[in-house]
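Here is a short report for a reader new to this structure. Please look through the sequence and the model first.

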Amino acid sequence: MTNDETDAPWWQRGTIYQIYPRSFQDSDGDGIGDLAGIEARLDHVATLGVDAIWLSPIFPSPMADFGYDVADYVGIAPMFGDLAAFDRLLAAVHARGLKLLLDFVPNHSSDQHPWFQASRSSRSDPRRDWYIWRDPGPDGGPPNNWISDFGGSAWEWDAATGQYYLHAFLKEQPDLNWRNPALRAAMLDAMRFWFDRGVDGFRIDVLWHIVKAEGFPDNPVNPDWHPGITERDRLLQRHSTDQPEAHAIAAEMRALADGYGDRVLVGEIFLPNDRHARWYGTPDTPEVHLPFNFQLVENAWDAAVLRRVIADYEASLPAFGWPNWVFGSHDAPRIAARIGEAQARVAAMLLLTLRGTPTLYQGDELGIGEVPIPPDRVRDPQDLRQPGLGIGRDRSRTPMPWDASPFAGFSTTEPWLPLNPDWRTRNVAAQDRDPTAMLQLYRDLLRLRRAQSPLSVGTMSLLDAPDGVLVYARAHGDARLRILLNLTAQDAIVDWHGTPLLSTLEGPSVPGLLRANEGLIIA
Ligand code: ISL
């Protein structure tokens with residue numbers, strides 16, 4: 001082992017696994033997952049070979065946005081359990097040598113949070129300024145043209161106090177005012193509460209949204225908008241997001257985390273590379289360890305496109321910035337639904353061999369594809385408010401299929417969302433017995449990533465490749481691996497020789513050739 005290998009912190013070497021708690025495992029028969037359920041299924045997470053779990057929000061919430069509307073930052077929603085159940089889960093996670101990250105939602109709370117109830121009670125309430133209140137615009141309408149990410153004005157009229165409040169998402173999710181020092185202190189206290197309890201870090205929701213431009217100017221019109229995309233995109237969010245003042249707040253969160261030692265902050269940030277990279281901060285004033293990189297979600301599954309995406313992203317990183325990659329989440333369409341199962345295997349190899357921390361989304365290790373959601377079962381508020389755009393998030397939030405027993409072993413009753421249609425065969429137990437299953441490929445890839453330092457901490461260089469093929473080298477010390485990915489369904493002539501360590505396909509790999517849909521790791 002060389003120095004940088006031993007020195008690399010866990011969040012650089014390791015892999016993060018996202019659990020969507022409503023849909024992982026139900027332990028009390030209400031059709032909704034919970035903390036005790038997650039604890040009961042930790043074997044799956046441990047044998048998969050990941051290093052850390054990130055839990056989507058588990059806090060008390062009216063669930064208007066399924067937990068991203070927090071009514072108490074320092075509690076547990078009764079449907080998920082209680083603080084004792086959380087402590088048990090955390091201890092069980094740590095006992096397996098895994099880490100646990102929570103989801104911190106700083107941009108907005110629920111309208112049912114006692115802070116907002118106080119804030120809206122009167123203009124003179126001490127908490128009035130904890131949220132963003134404004135008088136009507138000159139025409140008596142909303143204060144400016146800002147549009148909610150979920151459609152409609154971002155301002156909601158409050159008749160009782162005669163002002164509008166801002167909500168970047170649902171009106172049930174009023175935006176918090178991070179320019180108010182008392183609010184800022186209260187939110188940092190909430191982070192402290194969980195750090196003191198032993199959590200290993202946070203994924204921070206919509207971090208680039210948390211400060212708005214002084215004076216609330218209108219956002220500029222997006223010249224590229226067309227009716228096929230969301231209403232939000234009519235405008236460029238120039239004044240409502242990514243304000244310079246937000247970086248000081250991220251730095252404050254980081255200083256807090258660093259005070260606890262080996263903790264990590266992952267920031268959810270959707271921005272072009274140059275602005276994205278700023279969220280690392282500077283070596284003297286670091287911000288988040290990992291600004292989430294969603295470019296595999298956002299870009300076409302095409303070798304030439306991805307080659308440029310990888311090169312541009314790598315080039316944009318500050319010298320001290322550690323990369324990361326994501327291709328699935330509770331918001332994004334399933335990777336196997338996007339590109340099909342054969343290419344989803346190649347995508348798994350890409351994600352787990354790129355330089356940087358990978359984040360996996362629950363169920364992608366089974367290759368879950370499209371899950372049709374009948375109209376009467378749609379639950380996603382974004383989809384319900386903007387139907388017909390195909391932006392529904394329910395299809396990625398369906399319950400984990402564990403086995404072929406009723407309700408796939410997820411619950412003893414009808415789950416809150418439908419199961420994947422092929423759950424009787426596509427489930428954890430079935431794939432555990434099948435050496436050709438997606439689950440085995442994920443386990444093999446994660447095993448290799450741990451065993452091979454070039455994959456976890458090595459350098460990376462993109463190499464020349466024929467059309468439709470992506471080739472790169474990973475190296476560390478004397479060890480060097482090559483990764484060859486055929487992103488097409490045709491055989492490709494690729495000049496390679498060496499020892500294949502892992503292929504996405506069965507049967508022998510053929511030197512000089514990459515079979516259709518083949519991904520290959522060569523020593
Ligand atoms: O496309 C986007 C940004 O360009 C969006 O996906 C946006 O980043 C996303 O909607 C933000 O997601 C997070 O915050 C939301 C919540 O509904 C999502 O589930 C969460 O992941 C509001 O808290």
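The report covers the model, the ligand site, the nonpolar cores and one serine.

## The model

This is a predicted model: local features need pLDDT of at least 70, side-chain atom pairs count only at pLDDT 80 or more, and totals for chains, interfaces and linings use all residues. Residues are numbered from 1 along each chain as its sequence is written, and side-chain values use heavy atoms, without hydrogens and water.

## The ligand site

The ligand is surrounded by 16 residues (a heavy atom within 4 Å). Asp65, His108, Asp205, His330 and Asp331 are the closest.

A polar side-chain atom of His330 lies 2.9 Å from a ligand oxygen. For Arg393, an N or O atom of the side chain is 2.9 Å from a ligand oxygen. For Arg232, that distance is 3.4 Å. Taken alone, the ligand exposes 500 Å² (Shrake-Rupley method, 1.4 Å probe). The protein buries 87% of that.

## The nonpolar cores

A nonpolar core joins buried nonpolar residues through side-chain atoms within 4.5 Å. Buried means under 20% relative accessible area with a 1.4 Å probe, protein chains only. The largest core has 137 residues. Phe202 is one of those touching the most other members. A second, separate core has nine residues, including Val469 and Leu514.

## Ser456

Ser456 sits in helix 17, residues 453-457 (a DSSP run of H or I, at least four residues). Ser456 is buried, with a relative accessible area of 1%. Beyond its neighbours within four places in sequence, Ser456 is in contact (heavy atoms within 4.5 Å) with Gln12, Arg13, Trp322, Arg449 and Arg474.

Methods: Helix = DSSP H or I, 4+ residues; strand = E, 2+ residues; numbered from the N terminus. Buried < 20%, exposed > 50% of the residue type's maximum accessible area, 1.4 Å probe, protein only. Polar contact = N/O pair within 3.5 Å; in protein donor to acceptor, adjacent residues only side chain to side chain.
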